[in-house]
Amino acid sequence: MINHLVQSLLVTPHTQRQNGPWPSSTFLLSSYRILQVSMPRSNVIILTDPASEFSVEKNSVTILAIHGDYSRENLMLQRIRSYIIFLEQKLEEHPERLKCVNHYIFTDSDIAVVDNLAHIFQEYPNFHLALTFRNNKDQPLNSGFIAIRGTTEGILRAKTFLQEVLEVYSTKYMKASRMLGDQLSLAWVVKSHLSFAFKKFSRHEAFSGDMNGTSVLFLPCAIYNWTPPEGAGQFHGMPLDVKVVHFKGSRKRLMLESWNFFNSTSNLSDMLCLILASGRTKYDF
């Protein structure tokens, strides 16, 4: 029985990396502030290197330091390990606390949640773990957004799934580009259990599959992990129902511009219009 619903944003901010003139913590702060607007009741948990420092309002977030190897070449592998450690800690909590179900959403630090995501757990009541997919032959699954049902069963099955991904990563993809290893591992695990899923990745419809008793929900990136196109003339429109925007790569600058613009308008719709411009053309509102 769900006593109350709490969506928790978990971020591995890798603040030792630099993104142009800005440290990664700058984007983490923008992500957090946008989340306060779209999901003001959510609890925010930051998974991080113990050596990292943040300027976020610490009284409104939980910072969970996890020891590990946060070097550039090991970053994606460490993120999966951090997720597993976090889930293990949840399973070790007092049984009475586990009766109060809190669902979790893992995201990158360059993601902006622009709409309330509570409906995922309500509209799809049977999944344990949710992944986002796109029509990409080699990397159809993007690890920047992972949702986990906060029941004991959901947390346990999500941990088991991620442990398999970690094992595949460690044995098959350690030589892959540091930003591709986790995506290649996700695809390998899903394909080994649910080969039919790859035929559905060309569609923009959510679907589910069973992996040895683990119910996996597949959500379209076009809505739950949408990325603005790069470069002038590349924009072809944004889905009207987009709920999560992923500012990957050079788009991170647009994330900061979007938040600054929102501060001047207090209107998420206007902020999204700026995103539509793909950082190249500014609309005159």
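This is a predicted model: local features need pLDDT of at least 70, side-chain atom pairs count only at pLDDT 80 or more; totals for chains, interfaces and linings use all residues.

A: Residues are numbered from 1 along each chain as its sequence is written, and side-chain values use heavy atoms, with hydrogens and water left out.

Q: What span should helix α6 have, and what is the distance between its end C-alpha atoms?

A: Helices are DSSP runs of H or I with at least four residues, numbered from the N terminus, and the expected span is 1.5 Å times one less than the number of residues. Helix α6 has 13 residues (181-193) and should therefore span 18 Å, which agrees with the 19 Å between its end C-alpha atoms.

Q: Which residues of α6 are buried?

A: Buried means under 20% relative accessible area with a 1.4 Å probe, counting protein chains only; in α6 the buried residues include Leu 186, Val 189 and Val 190.

Q: Which residues does Phe 161 touch?

A: With contact taken as heavy atoms within 4.5 Å, Phe 161 touches Leu 186, Val 189 and Val 190, among others including Leu 129 and Met 211, leaving aside residues up to four places away in sequence. Phe 161 is also one of the residues with the most contacts inside the largest nonpolar core, which has 41 residues; such a core is a set of buried Ala, Val, Leu, Ile, Met, Phe, Trp, Tyr and Cys residues joined through side-chain atoms within 4.5 Å.

Q: Over which ring does the charged end of Lys 191 sit?

A: A charge sits over a ring if NZ of Lys or CZ of Arg is within 6 Å of the ring centre and within 35 degrees of the ring normal; the charged end of Lys 191 sits over Phe 198, 5.6 Å from the ring centre.

Definitions and conventions. Helices (H or I, at least four residues) and strands (E, at least two) are DSSP runs, numbered from the N terminus. Buried means under 20% relative accessible area, exposed over 50%, partly exposed in between (1.4 Å probe, protein chains only).
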